[in-house]
Each structure stands twice: as C-alpha cells, then as structure tokens.
Amino acid sequence: MEKLEHDDKGAVLKEKLLVSACLIGVRVRYDGGDSRTESILRLEDRYDLIPLCPEVLGGLPVPRPPAEILLGKAVTEEGRDVTVNFEAGARITLDYCLENGIRKAILKSKSPSCGTGMIYDGSFTRTLTPGDGFTAELLRRHGIEVYSENNFMECV
C-alpha cells in the first residue's frame, strides 16, 4: 500500500506532475494557441499538475515562428538559430523539477522542446524522425520519466 504524505494541516499531498502548459489549455504554442487535452486535466484528482512551457521559459515570445531541430540545432523556417532559447528553457524546466521533487512529466508530442520519441525533422514539411526535443532529452538524462499526451496513461 502506498504511503501518503500529508501537509502540516493533515491534508494529503499529491505527487507533482510536470505538464506542458499548452496541454492544459494555456495559450503558449508557437501559433498563440493551445493543445488542451481534457484527459490530462482529469489527472488533477490524483496529481498536482505543474504547467510549464520550456520555450517561453527560454525567452521566446507567443506567438513565435515555428522551430524544428536540424542537425542538433533548433532553427526557424527562416534559418534563425534559437538553440540557446531551447537549451535555456530545458535547463530551467529541469532545475524546477529537481528543486520540487518532480519525477514525471507529460510533454507535448513532436515539439522541438517537448517531443518524445518522434520530432519534426527540420525540413518544415511535417516529416517526423526518431528523436526527443531538448527538454524531453534533458529530463530523461536526469531520471525524470517523460510521457506525451499519447501515452501518458502509462504513468498513472
């Protein structure tokens, strides 16, 4: 039986779960939209959902030009290298997880930050290639379980 933690008033503390902010309805996608996923929102009963957007944390605006990973770099369709923003956002996200005991994350599929398993190939033709986004890869390297909106039920 799982031992539940309680706060100083006796309330049960829920496990923290990092979630890409766009998946819970925050309008932070590159196009100014969101990718709200109702089934993830229903996890609120079991988890303390922590919404973060690594791209915004890394200093990119909303909206912003779409970016993809090409030869290890995050680049826009116009060829602007935004790798530094993606790396900074990934590091800030990792630091937050480590400081707050977050061991699991549900991240947006196919994203150059959050994609897990498959990401766009840098051709801006919606072609997928095996790989992880900057944040997903960094979190995994540090022992954080990473899921997408397509397979997150494996983590619950």
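K110 is found in the loop between β5 and β6 (118–120), where helices (H or I, at least four residues) and strands (E, at least two) are DSSP runs numbered from the N terminus. The model is predicted, so that local features need pLDDT of at least 70 and side-chain atom pairs count only at pLDDT 80 or more, while totals for chains, interfaces and linings use all residues. Residues are numbered from 1 along each chain as its sequence is written, and side-chain values use heavy atoms, with hydrogens and water left out.

Although K110 is not a glycine, its phi is positive, at about 70 degrees, and with 31% relative accessibility K110 counts as partly exposed (buried means under 20% relative accessible area, exposed over 50%, partly exposed in between, with a 1.4 Å probe and protein chains only). L71, in the loop between β3 and β4 (73–76), likewise is not a glycine and has a positive phi, of about 55 degrees; L71 counts as exposed because its relative accessibility is 84%. Most residues other than glycine have a negative phi, and most peptide bonds are trans. A cis peptide bond joins V62 and P63, with omega at about -10 degrees, and P63 lies in the loop between α2 and β3.

Turning to the sheet, 4 strands form an open arrangement in the order β2-β1-β5-β8, with parallel pairing; two strands pair if DSSP finds at least two bridges between them. Since β2 (47–52) and β8 (145–148) stand at the edges with a single partner strand each, one side of each is left without a neighbour in the sheet. On average, and with direction ignored, neighbouring strands of this sheet are turned by 25 degrees against each other, where axes are lines fitted to C-alpha atoms, for helices over the stretch in contact, and angles run from 0 to 180 degrees between N-to-C directions. Strand β1 (residues 15–20) runs parallel to β2 and is joined to it by 6 bridges, and V19 stands opposite P51 in β2. Helix α4 (residues 134–141) lies across β1, β5 (104–107) and β8, running at about 165 degrees to β5, contact meaning heavy atoms within 4.5 Å.

There remains the lining of the largest pocket, whose residues divide into 18 nonpolar, 6 polar and 8 charged (Ala, Val, Leu, Ile, Met, Phe, Trp, Tyr, Cys and Pro count as nonpolar, Asp, Glu, Lys and Arg as charged, and the others, Gly among them, as polar).
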